[in-house]
Amino acid sequence: MGLIRRGATVCALIVLTAGELLAQRRVSGKVTEEGSGSPLGNVSIQLVGTTIGAYTSDAGTYSLMVPNGAISLRVRRIGYQLRTVLLPASSSTLDIALKKDVLQLEGIVVTGQQGTLERKNAATAVVSVGGEQLSAVPSNSLDQALQGKVVGARINLNSGAPGGGGQIQIRGVTSILGNGQPLFVIDGVVMSNASINSGANAITAASGGSNSSSQDNPTNRLADMNPAEIEDVQVLKGAAAASLYGSRATNGVVLITTKRGKAGTPRWSFTQRVGQSSLLRGVGQRQFRDTASAIEAASASTGAAGAAAFRRIYAANGNTIPYNDFNKQLFGDKGFGYNSALQVSGGTADGGTRYLASISRQLEGGIARNTNALRDNARINIDHNMSSRISAKLDLGITRNNANRGLSNNDNTYTSPLYNFAYTPSFATLNQVDANGNYPTNDWAGGGGTSSSNPFQTFNYIKNTEDVNRFLGSGSISIQALQTSANRLRFEYLAGIDQFSQDNQLYSPNFLQFEANDGLPGTAVQNTTNSRQLNQRLSVSYDFTPSDLPFSLATVAGVTMEQQRLNTFLVTARGLIPTVTNINQGTQFTTQGKTKDVDQAWYVQQSVLAFDEKLYLSGSLRGDRSSDNGNRSTYYTFPAVQASYRFVSVVPQLDEFKLRASWGQTGNRPTYGARFITLGGAGLFGGVNALGVNTALGNPNVKPERKTEAEYGFDARGFGGRVGLEATYFNSTITDLFLQRPLANSTGLATEFFNGGTLANKGTEVALTIEPIRAKGFSWVSRTSFQQIRNRVTKLPIAPFAVGSTGFGSAYGRSRIAEGVSTTAIWGNKPIYTKTSGGADSVFTRDTIVGDANPDFETFFTNTFVVGRLTLNLQLDWRKGGDLSSMSNNLYDEGLNSRDYDAPSPCRGATLSDRQCVQVNGVNRLSLVDVSPTATLGAYRYAYWNGGSNSTAYIQDGSFVKLREITLSYAVPAKFTQRYLGQRFSDVRLNVTGRNLRTWTKYWGADPEVNNFGSNNVGRFVDLAPFPPTKNVSFGIDFGF
Amino acid sequence: MTSSFAATLQHTIRLSDGMIRHAAASALTVVLLAGCSAEALTIPNYNAVATTTTPDIALIQNLASGIMAIERGNIGGYYNDTGVLGRESLNYFSTDGRTVTNYLTVAQLDNAGFASGGWNGRFTAMRAAMNFIAIVDNAAFLTAAQKSAAKGFAKTFRGLEVLYLLQTRDSIGIPVEIDLEKNETKPFVSRDSAYKFGLALLNEGATDLAAGGSAFPFTLPSGFSAFGTPANFLKLNRAFAARYGVYYATLGGGAAAFNAALTAVNASFINAAPGADLAAGAYWNYSSSAGDALNPLSIPVAPDQVAHPSIVTDAQSNGSVRDLRVAAKTRTIPAKSPPGNAGIPSTVGWSLYPTNTTPIPIIRNEELILLRAEANIGLGNLVAALSDINFVRVNSGGLAPLAPFLNANDAITAVLYEKRYSLMWEGSRWVDVRRYGRLNTLPLDLPTHFRIRVQPVPQAECLFRNRLDPSLKGVGCP
């Protein structure tokens, strides 16, 4: 036996080369689902050990040419358990039934740069999300589509503005100052997920006189991806899994694989969806029950003029007090949206050339006037085998993404709607134009006069357009240098480009109410960004699969070179000539920022699969150098090791049990420019360029942050594949934290770039999948995932410091980095009660921990019910804990306009022992301010906040349960479609979907997932006048023909 | 057993062999491929000038303008803070009530709040001046006189910054030195030491300016048109020495300081001749050109800045004619309140800076005359003081001249009134009433209001110092 095999090995090369000359026969058959017997399309049938293969049609049939003799076929489809079937030499038909893989144990996971591994052997917890899961319910961005589907990740959208704008954080806060987003890699090409500020700050003045601000509600560029183009998303969470991505991977790696063509005649599919968005939850408005309270609110900031304005309104309405819910009025549109997608896939019969082309358009209607997002995507992916040894791929994707996002978030001009409404009493009518089409002047927010602002007028006339044109392309060539039955040596070269231009244009006409305020009516902003990322990879992989030995060996080695370049240019013009919408007229100032980063790396990985594929061992090493490091020639190395072992059928009902463990390191390079010590620009003075002090001192020794993570877990599968449990515990530390170390401001400086300190994350991820019912015509699959992460700064060799852009000072709560404390802790002013030496109560204010933005845990429930041709899919997300700074609530209370303002104060009936409630003339005065026990709730909250001395008044629990997704789909019977639509229609589905249909929460604001700051690693807890989130319903029809 | 062992051994050998061959192949590949040039990594800084740039005459100009640009950036906050604390102005910034609460109504000053300002920018300006001196010292292309002039200019500004800063922290003292090389934190020094340090810097600057030849190796902006040469700039230097000499004299400097101040003021650009221009002086000028700055206190830029109502009610009259300075500097506006209705509506707006490019005064002739009066009061020369007080009172306020003072206290009351109205919203009143122990003459508009004696040291500074040697903490960081 051994001799024969060895002989075969020797001859394998010759045999393979000659393979095409051998006699062939045709094999055909049909693939069906076990149990239901329904035909399965898109099933891959591959001759084991070769590249010969075919895919089934939608009717489940296949046909392919194979060599004579006994063969074995590998049959696989995503969502089904893989089968390898032996076909005797005499046979030429083969029908195959596949079992549903409800536990998601099948499939291929990526290990490192391009190595792959059967999922069942994976030694790390890798999350795979199939394309169907991403595109089942329309989403405004890939971030939104991934919400609740990646255990171990926190994904939130910053607002409800059309076009997305979200953040993904994998396994906790991994950096304070460095990049805190995952690395996104699409088909091997590193893709930009930059969040570029629009320049809306020119109107809102959220950051005062700055040119743009992270409070502009930017879109992160992941929004350019079309989820329907995606075959699969894999999330490499831990450091061991992501280690081969080196110094850009501390926050994990998201690998996106787009759909590829399949051999055979062209197959078309067309999807059409129509739907609408509407306001999920407004914050409401106080309804005034009596004139006394109305006059109090009316005169709060505008005094007698406000009171007079109220009396005018009161009289004009027949001595009644009108009520307007501004949120429902401004954000009350039913935003019409649609999604149309056409895709064709095919290839030559032998599979030598395959292509997939798709084109799609998605309109997301905004819930406020003149807001929407329109995205066009087109993609062509081509695979071509030039010979049996050389194959090439060419992928081209283009996107145009146009969004009109209105104004929102923090504001200093009353132009952000919620900010405005907080100070405008509900008896003011803002949305009704007079006979001349003029909007009423807002007598309140901004105090009337030139400061007044009417958001209805603003949204009707303002333009805040973001136009992105993006090109993603890659080409690769792979050469099989050696292929024997035991040895396979392959070289691959891949080059990719991701280029986009983002054009933000803002125009605020000079007749808008607030425009006269600065004496320069009319504002126009032109903000242009060009981004180009290039990457190249040259790699060699060597697989050694001896048939006579119980192990196989795979080695991958390669080098990469990556380049990122970003250039932004912003011009603001004020004092415009009427009707001129561009920046040609008026006062202007410009800023330009340019960054360029170049990274080079090498990597090597070696893996062993042994003992009947039960033991998997892998080790890898990556070396990185970057233009951003202080030392540009040093390669920083990141090792990783992984191991797993499967116990198969050792206990009854436990089909398989796998133990896995891994350890690895990844890095996070410093930001561009940190290594330079420079003079500070101080603008112009009298036409002369002024140079001063750069208070953020550079450091020529900066280096990457380093994350070291150990991960342990097990995967169990039992009861015939009907129960699966995956559990993972990880423990990571990030050392050499990249920080801006505070310096005493009395040195004339503020900070210095610095590496030091340690951050630790520990967490648990559990996913339980059960299939309680599996019967003919009815099945129920339920999946529950749970995640919990604890974060702590374990070592900080420098002074604690508040992190910029994480809040608005100690009055409202912000992030502070301090030893022994979580980075997600919210620090703010809090009254501390003590006893004096004489025994009397005394109180002082301390800036201390008042909350934590990190949830206690998050749980995602997904249930899929199949009844005949009907499928119902439900996804519920539950977040327990996670505090927010509800500054929106503070604004509404300050304006005396919160919807619950008149509810009784919690002090009503309280005793003196309750320290939040102090009687006006109480003997033991405990609070900094007397809060009357008879006050209304709004007055109580605001008084309790005490001008910012007690931030706890507005730190609120953000727990929620959200009906994230719901899908009901119906597969139209083939007989029916073929009769009425023609023979060519093979697959027609109807579906009704909903996203974010309902939120259950006690949180005061519009949504506990919003965030005022567009992209930041810590401080994702500030709710300040967001664009309110939406809910969406849609109806769709999918055709396959 | 044996055969199994042999097989395992053989397998292990094969495995090791395979691994070694693979490792060798990969190592070779990596070495071959890693030959990529490191030159591709040489990316410059596109956005800023390296500190190591070789200086030339243009850089000297840029750095000189830099010192002034940073100082100009500090003035708005200083006049706002001292204005609110001295009950001259109210910042009813419409979208953040903390511009009121952090200054007037909170029982404990928030060191992370708005009233903790006036700190970072002062030190940055001092550092910029010191950097400038270091670069000038090593600039071979400058003559000795040019170097001296440039250093005198920078020392004047550094001294001015020390003394500005001292006004905001007064009795708790301030750090005055900066470690340019190692950036080490320097201790707080007492108010007395800080005054001596700042005044010594001004005096050194004066010496340098006197040896500065006929021209600076750079040009000054238009607000300094009267001080464009070292000789004229020396007069400005002496004006600052007069202001802070008088301040110091009332805070422990005594007669010696009053005498020094009197000498300084007479060496300044003071002019009390009939018809003298009271507005003559140094100004920060603004421009709406791209990159330049706008007047941060002007009506268009800061429409929410209002005047304290007591400015109108406390004004004296000449018969039926109210102090002319009220009408010259303020205007009547519709009642304005801050968000959250702090209960102190004001109907008095500012008219000091009508456009966004109106210059802001740094020091003017009018102040110098009143400083001379103060010095004379301090030295017991009440008659000389009366002459200067009446000169301003009549020419600027349109009021009747005062009769001779009965005592120094009356004279102080009189000069403080004139300073309040002549130097309205120019950073004088809060400092003046505090110096003379008259802080309680500031009105409390509501029972919850209180009077701040000093601004708190910012939290960031304290967080940093609290880790250091206790001697570096200073009284400002509890």
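Reader: Where in chain B does Leu180(B) sit?

Author: In this predicted model, Leu180(B) is found in the loop that runs between strand S2 (174-175) and strand S3 (188-189) of chain B.

Reader: Which residues touch the most other members of the largest nonpolar core?

Author: That core has 131 residues, and those touching the most other members are Ile67(B), Ala129(B), Phe132(B), Ala242(B), Ala261(B), Val265(B) and Val415(B). The largest share of this core, 19 residues, is supplied by helix H7 (residues 230-267) of chain B. A second, separate core has 77 residues, among them Phe288(A), Leu506(A), Tyr954(A) and Phe1021(A).

Reader: Stepping back, how many helices and strands does chain B have, and what does its C-alpha trace span?

Author: Chain B has 14 helices and 10 strands, and its C-alpha trace spans about 125 × 60 × 45 Å along the principal axes. Its radius of gyration is 30 Å, whereas a compact globule of 478 residues would have one near 23 Å. Of the 478 residues of chain B, 54% count as buried. Among contacts in chain B with a separation of 6 or more, 72% join residues 24 or more positions apart.

Reader: I was looking at H11(B) as well; which of its residues are buried?

Author: The buried residues of H11(B) are Leu382(B), Ala385(B), Leu386(B), Asp388(B), Ile389(B), Phe391(B), Val392(B) and Arg393(B). Their cover includes helix H10 (365-378) and helix H12 (408-422) of chain B.

Reader: How far apart are the end C-alpha atoms of helix H11 of chain B, and what span should it have?

Author: The end C-alpha atoms are 20 Å apart, which agrees with the 20 Å that the 14 residues of helix H11 (residues 382-395) of chain B should span at 1.5 Å a residue.

Reader: Changing topic, how many residues of chain A are in contact with chain B?

Author: 93 residues of chain A are in contact with 91 residues of chain B. On the side of chain A that touches chain B, the largest share, 12 residues, comes from strand S26 (residues 587-610) of chain A. By class, that side of chain A has 44 nonpolar, 41 polar and eight charged residues.

Reader: Which loop holds Phe611(A), and what is its phi?

Author: Phe611(A) lies in the loop between S26 and strand S27 (615-626) of chain A, and has a positive phi of about 50° although it is not a glycine. Most residues other than glycine have a negative phi. Phe611(A) is exposed, because 12 other C-beta atoms lie within 10 Å.

Reader: And what is phi of Gln653(A)?

Author: Phi of Gln653(A) is near 70°, a positive value in a residue other than glycine. Gln653(A) belongs to the loop between strand S28 (636-651) and strand S29 (654-668) of chain A, and is exposed, with 10 other C-beta atoms within 10 Å.

Conventions
Residues are numbered from 1 along each chain as its sequence is written. Chains are lettered from A and ligands numbered from 1 in the order in which they are written. This is a predicted model: local features need pLDDT of at least 70, side-chain atom pairs count only at pLDDT 80 or more; totals for chains, interfaces and linings use all residues. Helices (H or I, at least four residues) and strands (E, at least two) are DSSP runs, numbered from the N terminus. The expected span of a helix is 1.5 Å times one less than its number of residues. A residue is buried if 20 or more other C-beta atoms lie within 10 Å of its own, exposed if 12 or fewer, and partly exposed in between; C-beta atoms are placed from the backbone. Two residues are in contact if their C-beta atoms, placed from the backbone, lie within 7 Å. Ala, Val, Leu, Ile, Met, Phe, Trp, Tyr, Cys and Pro count as nonpolar, Asp, Glu, Lys and Arg as charged, and the others, Gly among them, as polar. The radius of gyration is taken over C-alpha atoms; the globule rule is 2.2 Å times the number of residues to the power 0.38. A nonpolar core is a set of buried Ala, Val, Leu, Ile, Met, Phe, Trp, Tyr and Cys residues joined through C-beta atoms within 7 Å.
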